[in-house]
Amino acid sequence: METEQRYREAAQAGDPEAMVELGILLRDRRDVAEAEVWFRRAAEAGHAPGMGHVGWLLLQRGESEQAERCYREAAMAGSPEWMVRLGALLHERGNLADAEEWYRRAADAGHVPAWGAMGTALEERGDVTGAQRWYREGAERGDALAVLRGGALLEQRTDLAGAQAWYRRAAEAAVSPLAQAHALNALARLAAGRGEPADEERRLREAARVITEAPYDPGFPELLSHVLTGLGLLHEDRGEVADAEEFYRVAAEATERVEPMFHLGSLLERRGDLAAAEQWYRKGSEGGHLRSMLMLGMLLDEHGRKAEAEQWYRRSAEEPAAMELLGRLLEQRGDTAEAEVWYRKAAAAGLAGSMTRMAHLLEERGEAAEAERWLRGAAEGGDVLAMVSLAFRLARHGEQAEAERWFRAAAEAGDPSAMFLAGEMASRRGDEAEANRWWRRGAEAGNGRSMELLGLGLAMAGDVAEGEQWCRKAVEAGVPEALEHLGAVLRALSNG
C-alpha cells in the first residue's frame, strides 16, 4: 500500500509515469475501471506507455481496431515496448511485413524482446536462417523468447546436441534471469527425454533458485509453476508423495496457476482425501483448466452429485472423455437422444468406449447394420467390451472363425471372460489343447467357468488332484455345480 500511495500522490500531482505505474497496480488487482482512468490521463498527457495500456484494455474488451490505434500512437511516440506489441498485434492478424517493420524499429531502439519477436516472424515465413540469426543475437542480449525459439528450431531438426549446447550457453550466460531460467527448464526437458531424472531434477532446482532469487518479472509465475510442478512429478514418480505434495502446493499457492492445482487435486484424490481434492479441482476449474473440470465432474458423479457433475462435464466438453461421461450420465437418466449426440462426438474423437455405447443404443432400436459398424470401429480401436460383443454377434450369424478371432483378441487384451470364450470356441472345433491353454489362463485370471472346464479337462486327462483343486476354486468363484460335474466325470470314467 505504501508503493500505491506514493504512485497515487505523484499521479495526482501530474506525473504521467506515476499514472501508468498506478494503473498497472490497479489493473493487476482487477480494479480495471480506475486503472483505465489513470492510463487515459497519462495518454492525454502525451505519455506513450499510457496510450499503449489504454489500447491493451480495449483489446481485452474486443475493441481491436481502437486498440490498434492506441498501440500505433504509442509506437509512433517512440515507445519500443509498444512497437513490439503493435508488431505482435499485426503479426497475429497475418500482416507480417508491417509486424517486421515495427520489430526492427524496436530492435534499433535496443528493446531486447524485439529480437525473439522478429525471429518468430521470419521463421513463420520460412526464413529459418534469418530467424536463427535473430534468435542468436537475442539470446546474447538475454531475450527469453529468443532462447526458447532458437533451441526449439534445433530440436525440430532433431539436433538435440545442438539444442542442448544452445540452452546451456543461455543458462551459463545469465544475461537475464528469465532467459536463464527458461534455458534451465529446457535443459531439464531434454534430460527427461534422455531418461536422466537426476539431471532433470538438478536443472529444475537451478531454475527455481534463479527465479526466487531474482527481482520480479511478469514471466516468472508461469515458469515457476511449470518448474515446481515438474519437481512434484519427479518426486511422485519415485513414490515420494509428501515431497510431491509440497511442490504442487507451493506452486499452486505461490503462482495461482491451474496446472499444479490439478496435480495436487489428483494426488489428494488418490490418497483418499476427497474433500481437499475437490477443493483443488474447483480452483483449477474456476481458472479454466479442462482436466480439472473433468476430474471434478468424475468425483461428483461417483458420489451421486449428478446434477453438478453434469455441469462440469458440459463445461469441459472439449475433452473427449467428458463427452463420453456426459453421454453415460444422460443415458442413465433416460435421455438417450442427447446421450447419442455426445457419444457420436466422442466417437468422432476416437473414443472406442463411445463407439460401443453407440452400437448398443442402435441395437436397442433395431439398427443392426449400423450397430455392427460402430462395434467394429470400437473393437479395432481396442475396446475389449466391443470385441466381445462383436464376437457374439458374429457367432450368432454363423461367422465362427471371425468370432473366435475377436474372442482371442479380447483374451490377449486381458479379459478373463474372453479367455473362457476363446477356449470354448477352440473346443468346439476340436482343438482341446488350445482350449485348455485358454482355460488355464482364464482360471489363473479368476474366471470361474474357466476354472471348472480346466478342472474337468485335467480330471479326464488323469490329473484328478489338480482337477479337483480347480473345481473347488470354481465353486468359490461362483460356479456351485462344478464339484457335481467333476463327480459325474469321475463316475463316467470309472464306469468306462
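Predicted model: local features only at pLDDT ≥ 70, side-chain atom pairs only at ≥ 80, totals over all residues.
Helix α22 (residues 352-364) and helix α24 (residues 384-396) pack at an angle of about 35°, and their axes lie 10 Å apart. Thr356, His360 and Glu363 of α22 make the contact with Leu385, Ala386, Ser389 and Arg393 of α24. By class, these residues are 2 nonpolar, 3 polar and 2 charged.

**Helices α26 and α27**

- Helix α26 covers residues 416-428 and helix α27 covers residues 432-444.
- Their axes come within 8 Å and cross at roughly 165°.
- An angle over 145 degrees counts as roughly antiparallel, and α26 and α27 are therefore roughly antiparallel to each other.
- The crossing of α26 and α27 is left-handed.
- On the α26 side, the contact is made by Pro416, Met419, Phe420, Ala422, Gly423, Glu424, Ala426 and Ser427.
- On the α27 side, Glu432, Glu434, Ala435, Trp438, Trp439, Arg441 and Gly442 take part.
- The residues in this contact of α26 with α27 comprise 8 nonpolar, 3 polar and 4 charged.

**Helices α7 and α8**

- Helix α7 runs over residues 96-108 and helix α8 over residues 113-124.
- The axes of α7 and α8 cross at roughly 155° and come within 9 Å.
- α7 and α8 are therefore roughly antiparallel to each other.
- Their crossing is left-handed.
- From α7, the residues in contact are Leu96, Glu100, Tyr103, Arg104, Ala106 and Ala107.
- From α8, they are Ala114, Trp115, Ala117, Met118, Ala121, Leu122 and Glu124.
- The contact of α7 with α8 has 10 nonpolar and 3 charged residues, and no polar ones.

**Asp98, a residue of α7**

- Asp98 is found in helix α7.
- Asp98 has a relative accessibility of 38%, so it counts as partly exposed.
- Leu86 is 12 residues from Asp98 in sequence, and the two C-alpha atoms are 9.3 Å apart in space.

**Gln164, a residue of α11**

- Gln164 belongs to helix α11, which spans residues 160-173.
- The cut-off for buried is under 20% relative accessible area, and Gln164, at 17%, therefore counts as buried.
- Apart from neighbours within four places in sequence, Gln164 is in contact with Leu187, Leu190 and Arg194.

**Helix α14**

- Helix α14 (residues 220-237) has 18 residues.
- From its first C-alpha to its last, α14 reaches 26 Å, close to the 26 Å expected at 1.5 Å a residue.
- Of the 18 residues of α14, 14 are buried, so this helix is largely enclosed by the rest of the structure.
- Gly239 follows α14 and has a positive phi, near 85°.

**Helix α18**

- Helix α18 (residues 290-302) has 13 residues.
- The distance from the first C-alpha of α18 to its last is 18 Å, close to the 18 Å expected at 1.5 Å a residue.
- The buried residues in α18 are Ser292, Met293, Leu294, Leu296, Gly297, Leu299, Leu300 and Asp301.
- The cover over these buried residues includes α16 (258-271), α17 (274-286), α19 (306-315) and α20 (320-332).

Definitions and conventions:
Residues numbered from 1 in each chain as written. Heavy atoms only, no water. Helix = DSSP H or I, 4+ residues; strand = E, 2+ residues; numbered from the N terminus. Expected span 1.5 Å × (residues − 1). Buried < 20%, exposed > 50% of the residue type's maximum accessible area, 1.4 Å probe, protein only. Contact = heavy atoms within 4.5 Å. Axes fitted to C-alpha atoms, helices over the stretch in contact; angles between N-to-C directions. Parallel < 35°, antiparallel > 145°, perpendicular 65-115°, else oblique. Left-handed = near helix turned anticlockwise from the far one by under 90°. Nonpolar A, V, L, I, M, F, W, Y, C, P; charged D, E, K, R; others polar.
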